[in-house]
Amino acid sequence: MKVLKKIFKGLCIFIVSLVVIVNIIIFATGRFYLYKTISNTILKGRLGPAIDEYGIFANRKVDIGKPKPWPVAKGYNKKTIPEQYVPDFKKYETVAYVVIKNDSLYHEQYWDGYSDTSHSNSFSMAKSFISILIGIAIGDGNIHSVDQKVSDFIPEFKQGMDSLLTIKDLLTMSSGINFDESYLNPFAYPAEAYYGRDLIGTTLKYKVTTQPGKEFKYLSGNSTLLAYILMKATGKMISDYASEKLWQPIGAEHPAYWSLDEEGGVEKSYCCFNSDARDFARIGELYLNGGRVKDHSELMKHESNSVLTLTIDTVTQPSLVWFYKQVVPEDYVKASIAPQLADYYGYNWWILRCNGHIVPYCRGILGQYIFIIPDEHMVVVRLGKKRGPVETGKADGKDFNIPSDGMTFLKAALDMYGNK
């Protein structure tokens, strides 16, 4: 009994000492966001964020317009996920899996209490959404081109090497800014940006230290700066601009919620766009169709509207006449999903090669994916709680950078609904 008391007493002293040390560090460094970090990670039995914790932050709603429900294919959910892929679906705790083909819903499946209306964090898929908004702003004339200097919008970048930085450098992850992209270090940029209360101030502390446009280096702060440029260029908050220019035009069925750094603050634009699998699929569909949305339901109403292009769809629905409306400039879309400095990265879009297919995609840190398979006219969305290790190397003379689990979700869809 005396031994147990000594052990208990020693443990109590250790815990109290640890708490004192942590508080000293927090007050000495001024990193008060660490309280929120610890309370929402370690004290909840994990080392990082969760997919549905947007409720711990202030959020700004991304409003919908007129919803456009997905047409349901005749073969909807007639096929099951091939057995060889099921273990990985379970291992990485998949919560949603949706396959769109020929503009129709072919397959959807949910686990762990999630459904077609459950909101889940996009995490870094949001970087691709910011890229889309940059393209729209260029099309609207709010931004001249991707070659425009960052200093035209953010005066803090007018001096020294900062003055060399362009929007394209941010889009291609080649800014040369000294962001510290560590996901386990609570003092690094991702933790402070995620749990802190001054995202812009935090971001502007970092500077360009190497020549921009020369080397690919994935940094979340680059996307924060792109969003700040959008705010300056459009005079609107990111959620409001996204609602007007993206979420409403693509016909999203449910409002999304973009987490903020504080009440009334700015969007955590490098992450934290909370929506459901069906609506995430609309992002893929938009780029699958070259930045256009299409609608045949209001044919007569738009007969004289020159913004819309009347076409016959001879590939997916040969019996229907469609109106196409360009939401994102087509040349920007093509550049976004084509390799730039890295073989596997465009303008905040990832690119992979799988079974002869070139697949642009969005990805998030816990296994959030929107895959676009153009030659199959297919979009695949997977949401989950875990992701496999990132595999890098060279194949067929090309560098690759692919989370191992991502290939599982992609191949499962191709096996079920691919033509090749």
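Mentor: Tyr 97 stands opposite Arg 382 in S13. The model is a predicted one, in which local features need pLDDT of at least 70 and side-chain atom pairs count only at pLDDT 80 or more, while totals for chains, interfaces and linings use all residues. Residues are numbered from 1 along each chain as its sequence is written, and side-chain values use heavy atoms, with hydrogens and water left out.

Strand S13 covers residues 378–384, and over 7 bridges it pairs in the antiparallel sense with strand S2, residues 94–101. Strands are DSSP runs of E with at least two residues, helices are runs of H or I with at least four, and both are numbered from the N terminus. Two strands pair if DSSP finds at least two bridges between them.

S2 and S13 belong to an open sheet of 6 strands, whose order is S3-S2-S13-S12-S11-S10 and whose pairing is antiparallel. Strand S3 (104–110) and strand S10 (350–354) stand at the edges; each has a single partner strand, so one side of each is left without a neighbour in the sheet. On average, neighbouring strands of this sheet are turned by 20 degrees against each other, direction ignored.

Helix H10 (residues 277–288) lies across S2, S3, strand S12 (368–373) and S13, where contact means heavy atoms within 4.5 Å. H10 runs at about 145 degrees to S13. Such angles run from 0 to 180 degrees between N-to-C directions, and the axes are lines fitted to C-alpha atoms, for helices over the stretch in contact.
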